[in-house]
Amino acid sequence: MILHTINKSPFDNHSFTECLQHCQPNCSVLLIEDGVYAAQQKTTFSDIISQRVDINFYALKADILARGLEATTLSSVTIIDDAGFVELAVNHHTVQSWF
Amino acid sequence: MNTSSTKRMVLFCRKSPYGNALAREALEIALATAVFEQDLAIIFSGDGVWQLQPQQNSAEIHVKSQQKLLAAFAMYDLNEIYVEQEALELRNINHQELSIAATLIDRQKAAELCNSADIILNF
C-alpha cells in the first residue's frame, strides 16, 4: 500500500482533491505542513475525510500545533509525531507525495 | 515489489507546463531515467495533461518548448506513456489530438499503476 503525503492547503490547491481521487482502499494519507488544514473540522474537506472510511488519515503534530489547530482538528484523524512519520514510511511499500 | 536492480518507477505528472519549472524537470527526469535503462511508466494526470497540448510555441515567453522534449521520448525508448481520461474530459482536450501518442487510462488504472511501482515521483 502507498503512503500519500499532502503538504498544501486544500482551500488553495488541488493536491488534496487529486490525491483522494487516486487513493485506493486501505492506503494511508498523512497531512503535513499546510496540508493539515484539510483536517479542520466542519469544513468541506473534513466532511470528505469523514466519508472516506476506507482510508487511514494522519496529521503531523508539529504542524498542527504550529498553526493552533489542536482543538479543532477532526478526531478521526490520527495525530502523529516525527517518529510516527518514520514508522508509517517503513510500513508502506512506497510514498507518493502530493504538492 | 521488484527485487532486482531495476526498479519499477512511475513518473506522475500533474503540473501544467511553463508556469513553473516542475513540469520540465519531470520530463528531464524521464530522459535521465531512460539513459539508465530503468523500468519507467509516465502518467499525465490533472493539469499535467496540458503538457500534451499540440502546437506549443513558447518563443514569445523566451523559454524552450516542452513539446520538443516530449517528442524526444520515442528516441529514448520511453514508450510507456499514459494519459488519464478524466483529466482530459474535465479540460475538453481530445485524446486524438495530443502531441505524442499516450495510452488512455482511467483514474482507477492510474492508481493501480502507482500501486505496483517501487518508486513514485509525483510532479
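Student: Which residue in E3(A) stands opposite Leu30(A)?

Tutor: Strands of a sheet pair through backbone hydrogen bonds, either parallel or antiparallel. Here Leu30(A) faces Tyr58(A) of E3(A). Keep in mind that this is a predicted model. E2(A) and strand E3 (residues 56–60) of chain A run parallel and are joined by four bridges.

Student: What is the strand order of the open sheet in chain A?

Tutor: Read across the five strands: E4-E3-E2-E1-E5, with parallel pairing. The edges belong to strand E4 (78–80) and E5 of chain A. Each has a single partner strand, so one side of each lacks a neighbour in the sheet. From one strand to the next, the twist averages 25°.

Student: How do the elements of chain A run from the N terminus on?

Tutor: The run is β-α-β-α-β-α-β-α-β. That gives chain A four helices and five strands.

Student: How many of the eight residues of helix H1 of chain A are buried?

Tutor: First, the general idea. An α-helix has 3.6 residues a turn, so residues three or four places apart point the same way. Now the case. Six of the eight residues of helix H1 (residues 15–22) of chain A are buried, so the helix is largely enclosed by the rest of the structure. They are Ser15(A), Phe16(A), Glu18(A), Cys19(A), Leu20(A) and His22(A).

Student: What covers the buried residues of H1(A)?

Tutor: The cover draws on both chains. From chain A it includes strands E1 (2–6), E2 (28–31) and E5 (94–98), along with helix H2 (44–51). From chain B it includes helix H4 (107–115).

Student: How many residues of chain A are in contact with chain B?

Tutor: The size of an interface is often given as the accessible area lost when the parts come together. Here, count residues: 11 of chain A are in contact with 13 of chain B. On the chain A side, H1 and E5 each supply at least two residues. E5(A) gives the largest share, four residues. By class, the side of chain A that touches chain B has two nonpolar, eight polar and one charged residues.

Student: Which residues have the most contacts inside the largest nonpolar core?

Tutor: In soluble globular proteins, nonpolar side chains tend to be buried together. The largest nonpolar core here has 52 residues, and those with the most contacts inside it are Leu31(A), Ala38(A) and Ile42(B). Strand E2 (residues 39–44) of chain B gives the largest share of this core, five residues. Beyond four places in sequence, Ala38(A) touches Ile6(A), Pro10(A), Phe16(A), Leu31(A), Phe45(A) and Ile49(A).

Student: Is Leu70(B) buried or exposed?

Tutor: Leu70(B) is buried: 23 other C-beta atoms lie within 10 Å, and 20 or more is the cut-off. Leu70(B) is found in helix H2 (residues 66–71) of chain B. Leaving aside neighbours within four places in sequence, Leu70(B) contacts Leu27(B), Gln51(B), Ser99(B) and Ile100(B).

Student: What radius of gyration does chain A have?

Tutor: Chain A has 12 Å. With 99 residues, a compact globule would have a value near 13 Å, which agrees. The C-alpha atoms of chain A fill a box of roughly 30 × 30 × 25 Å, taken along the principal axes. Of the 99 residues, 36% count as buried.

Methods:
Residues are numbered from 1 along each chain as its sequence is written. Chains are lettered from A and ligands numbered from 1 in the order in which they are written. This is a predicted model: local features need pLDDT of at least 70, side-chain atom pairs count only at pLDDT 80 or more; totals for chains, interfaces and linings use all residues. The radius of gyration is taken over C-alpha atoms; the globule rule is 2.2 Å times the number of residues to the power 0.38. A residue is buried if 20 or more other C-beta atoms lie within 10 Å of its own, exposed if 12 or fewer, and partly exposed in between; C-beta atoms are placed from the backbone. Two residues are in contact if their C-beta atoms, placed from the backbone, lie within 7 Å. Ala, Val, Leu, Ile, Met, Phe, Trp, Tyr, Cys and Pro count as nonpolar, Asp, Glu, Lys and Arg as charged, and the others, Gly among them, as polar. A nonpolar core is a set of buried Ala, Val, Leu, Ile, Met, Phe, Trp, Tyr and Cys residues joined through C-beta atoms within 7 Å. Two strands pair if DSSP finds at least two bridges between them. Axes are lines fitted to C-alpha atoms, for helices over the stretch in contact, and angles run from 0 to 180 degrees between N-to-C directions.
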